[in-house]
Structure formats: structure tokens, C-alpha cells
Amino acid sequence: MRRDSRLSRILHVLIHMAEHEEPLTSEAVAAFLSTNPVVARRLMAGLRDAGFLTSKKGHGGGWELAAPLEAITLADVFHALGDPAVFAFGPTEDQPDCLVEQAINERLAATLDDARAMLLARFGEITLADINADFESKLKDSPWTSKPVFCG
């Protein structure tokens, strides 16, 4: 099963946005995400609707942060992406009348719900500023002499 990497990819874009003074175009975001600009705009629109980004059309337009990194948590970004699935496995409905399957599904669903709640609570404790500080620390300890440009 293919992993959903939208969260990590969008977080990457947002940290790079914090390092740029000019807006990032949908084309630049799309190139980084290895997708087309329509998909990039759809992903970024959720963050704009949540108040974390602004967008401007036309020449010189693009996407910019609308909130400080300290005000945006991983949970915020996760929710702005539409609450994607956290786990690649879960209950099955192959034989819904089977009492064994029902017992497994109830226990599995409850356990996954608990794990999801714990994960999202932890996501709520981590801000983009925390990630940016980790980046700055790595940069300080790296052979790089300047900050890397946008990866896209």
C-alpha cells in the first residue's frame, strides 16, 4: 500500500516558505511536490482556508505564510489537509456476520482510535517553529555555508 506523504511534503514547503521573502508560485510548489499546479493549489487552499497562508494572483503573486511559525502546529497542517488516514491498516468488512471478525474489528478500531488521538495530541504540541529550529541546528552543524534554496 502506498504511503500518504502529503503531510511531510507540505511541512517541507512551509519551512522553505519561511526562508523566502517572495511568494512561491503554484508552479514552484507543484514542482517540489512532483505534481501539477492544480493539485498544489488544492493542497495549499486548505492551509489558506485555515488562515495559515495567503495567496495572490497574477504577476508577483503566489503563496505566502499568513501566520508565524509559532502559531502553526503539525495538527493544524494535518487538519488543513483534510485529516488524512493515519494508518495503512484497519478493520475489514469481508464477513460482517462473522462474530470473530466483529470482535477483531471492535478491538482493532478502538485501539487505532486511541493511537490516532495520542498521535494528534502530540502533533498539537509541535509547531513549525520547532521544526525550523531543528533545521537551523542542523544547518549550523553542517558543511553548508548558506541556507539551501527551495528544493523544488
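**Ground rules.** I worked on a predicted model, in which local features need pLDDT of at least 70 and side-chain atom pairs count only at pLDDT 80 or more, while totals for chains, interfaces and linings use all residues. Residues are numbered from 1 along each chain as its sequence is written, and side-chain values use heavy atoms, with hydrogens and water left out. Helices (H or I, at least four residues) and strands (E, at least two) are DSSP runs, numbered from the N terminus.

**Helix 1 and helix 2.** I looked up how helix 1 (residues 6-19) lies against helix 2 (residues 26-33), and found that their axes come within 10 Å and cross at roughly 135°. That angle makes helix 1 oblique to helix 2; angles under 35 degrees count as roughly parallel, over 145 as roughly antiparallel, 65 to 115 as roughly perpendicular and the rest as oblique. Axes here are lines fitted to C-alpha atoms, for helices over the stretch in contact, and angles run from 0 to 180 degrees between N-to-C directions. I then listed the contacts (heavy atoms within 4.5 Å): Arg9, Ile10, His12 and Val13 of helix 1 meet Val29, Phe32 and Leu33 of helix 2. By class I get five nonpolar residues, one polar and one charged, where Ala, Val, Leu, Ile, Met, Phe, Trp, Tyr, Cys and Pro count as nonpolar, Asp, Glu, Lys and Arg as charged, and the others, Gly among them, as polar.

**Helix 1 and helix 3.** Next I turned to helix 3, which packs with helix 1 at an angle of about 70°, their axes being 12 Å apart. Helix 1 and helix 3 are therefore roughly perpendicular to each other. On the helix 1 side I noted Arg6, Ile10, Val13, Leu14 and Met17, which meet Leu43, Met44 and Leu47 in helix 3. This contact has seven nonpolar residues, no polar ones and one charged.

**Helix 3 itself.** I checked the length of helix 3 (residues 37-49): at 1.5 Å a residue its 13 residues should span 18 Å, and its end C-alpha atoms are 18 Å apart, which agrees. The expected span is 1.5 Å times one less than the number of residues. Ala40, Leu43, Met44, Ala45, Gly46 and Leu47 are buried in helix 3, where buried means under 20% relative accessible area, exposed over 50% and partly exposed in between (1.4 Å probe, protein chains only). What covers these buried residues includes helix 1, helix 2, strand 1 (53-56), strand 2 (62-65) and helix 4.

**Two positive phi angles.** I noted that serine 34, in the loop between helix 2 and helix 3, has a positive phi of about 55° although it is not a glycine. Serine 34 is exposed, with a relative accessible area of 66%. Aspartate 83, in the loop between helix 4 and helix 5, also has a positive phi of about 55° without being a glycine, and is partly exposed at 37%.

**Glycine 90.** I found glycine 90 in the loop between helix 4 (74-80) and helix 5 (99-123), partly exposed with a relative accessible area of 33%. Not counting residues up to four places away in sequence, glycine 90 touches Leu108 and Leu112.

**Glutamate 64.** Last, I placed glutamate 64 in strand 2, where its 23% relative accessibility counts as partly exposed. Leaving aside neighbours within four places in sequence, its contacts include Met17, Glu21, Pro23 and Phe52.
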